[in-house]
Amino acid sequence: MIDPELLRKEPERIREAARLKGFDPETVDLAVTLDRRRRELLAVVERLRAERNALSKRIGSLPPEERHAALTRATVLKERLAQLEPELRDVQNRLQHLLLCLPNPPAPSSPVGSSDEDNVEIRRWGQPPSFPFPPRDHLELGRLLGIIETERAVKLAGSRAYFLKNEGALLEWAVLRFAVDLLLRRGYTLLAPPVLVLDEAMTATGYFPLGREEVYRLERDELNLVGTAEVPLVAYHMDETLEENELPRRYCALSPCFRREVGSAGRDVHGLYRVHQFFKVEQVIICEADPDASRRYHEELLKNAEDILQALELPYRVVQACTGDMGQGQVLKHDVETWMPSRGRYGETHSCSSFHDFQARRARIRYRDRNGRVRYAYTLNNTAVASPRILIPLLEIHQREDGSVRIPEALRPYMGGLEALVPR
Ligand SMILES: Nc1ncnc2c1ncn2[C@@H]1O[C@H](COS(=O)(=O)NC(=O)[C@@H](N)CO)[C@@H](O)[C@H]1O
């Protein structure tokens, strides 16, 4: 959530953020109007309450000839408050909902644009392979190797469903465990999180109210399946005040992720690129409210992802997200895109985001700084690895003419020493 003080003092900055991120600037004007109305109403209500309280204290000791007038005034005050207090509550509720919907201003370094076409390439690593034979896509390889099935999955689970089989499942677990082990070596605390969470956790992280459409919600139970472990990892410290010397907190989690993908209906329906249920190793950092420190942690999260891709020997590039592709709360966002031969281009496999205090204000995550001042923390997150999407480059790039797939050195210890997947 943006800082209500910022809306009050510099509404133009929030209007600019709305224009840059493709949000409706009207909502900013409405929030400014509601905030002004709230302050007016609050001033009147507080004055009337003060008078009513003072009067009720005095009324007992008033001489009889003054009592009637006092009682009349008390009745007037009661009626005015009975009229104004519900209006104040209504204005406060409408303002609170609007504040949850306003966009966070992007870092000035963010390229201005409206879609991922306007993202800007920062760096590349590795050389996309040129095959001396007609390369197969991951579904053909999956069928040949007996490790991916979709027909039976769709039969029992509907669109975008899949089975991994035998070494296919083992390869997914190997990649996920490799990522977790790298983060453990780098001092991240591993959590195995709840993925069925309350609305409050979704709101605390910014996935509600605006992202509600993408979420599988169990209405009867008022619980939500998370689309990412970012939600339980950030909400872990919801409503807590940490000490500055406890920061930064570094968390990672391997979790299932569930997404309705209504925004992408009809896109990427072939293959494993966009599915409703997948696994991801997530990394989250909660740090002090310092933009320079936040930028350093952003680079750390990116490096973790790049080190994983380099160990898997997968060529990739890093792009900086443009303002229209960043999302409501992000101040800074980089995507890592890995070469996908069957698509003939790089495909997003990681997304690294800095929020400054946007999430911490919603989640009420604070810390006491060295001067004893209590402030909202900053939060950041990045993908470490997500499967089955990562299996697309992993299978397609390391394939050989006979349909076998070389297993990168880094994964062999997790595959019982297996050096390649071979057609059954
Ligand atoms: N529908 C999907 N199917 C398969 N993989 C997905 C899907 N949605 C996201 N992913 C994978 O998960 C990664 C992170 O998703 S994200 O929405 O971009 N970002 C997050 O979830 C952040 N919490 C950082 O992980 C994506 O880069 C992609 O690799």
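Three strands form an open sheet in the order 5-7-6, and their pairing is antiparallel. Strands here are DSSP runs of E with at least two residues, helices are runs of H or I with at least four residues, and both are numbered from the N terminus; two strands pair if DSSP finds at least two bridges between them. Strand 5 (196-197) and strand 6 (216-218) are the edge strands, each pairing on one side only. Strand 5 is joined by two bridges to strand 7 (residues 223-225), and the two run antiparallel. Within this pairing, Val-197 stands opposite Asn-224 of strand 7.

The model is predicted: local features need a pLDDT of at least 70, side-chain atom pairs count only at pLDDT 80 or more, and totals for chains, interfaces and linings use all residues. Residues are numbered from 1 along each chain as its sequence is written, and side-chain values use heavy atoms, with hydrogens and water left out. The average pLDDT of the chain (the predictor's confidence in each residue, from 0 to 100) is 97, and 100% of the residues score at least 70. The model has an ipTM of 0.99 and a pTM of 0.96.

The ligand has 19 residues around it, of which Arg-259, Glu-261, Glu-282, Glu-348 and Thr-383 come nearest; a residue is near if one of its heavy atoms lies within 4 Å. At least two residues of this shell come from each of strand 10 (277-287), strand 13 (345-356) and strand 16 (378-387). By type, the shell contains four nonpolar, seven polar and eight charged residues; Ala, Val, Leu, Ile, Met, Phe, Trp, Tyr, Cys and Pro count as nonpolar, Asp, Glu, Lys and Arg as charged, and the others, Gly among them, as polar.

An N or O atom in the side chain of Arg-259 is 2.7 Å from an oxygen atom of the ligand, and a polar side-chain atom of Glu-348 lies 2.5 Å from a ligand oxygen atom. The protein buries 92% of the 570 Å² that the ligand exposes when taken alone (areas by the Shrake-Rupley method with a 1.4 Å probe).

Turning to the backbone, most peptide bonds are trans. A cis bond, however, joins Phe-208 and Pro-209, with omega about -5 degrees; Pro-209 lies in the loop between helix 8 (199-205) and strand 6. Another cis bond joins Leu-247 and Pro-248, with omega about 0 degrees. Glu-222, in the loop between strand 6 and strand 7, has a positive phi near 50 degrees.

How values were computed:
A polar contact is a pair of N or O atoms within 3.5 Å; within protein, one must be able to donate a hydrogen and the other to accept it, and residues adjacent in sequence count only if both atoms are side-chain atoms.
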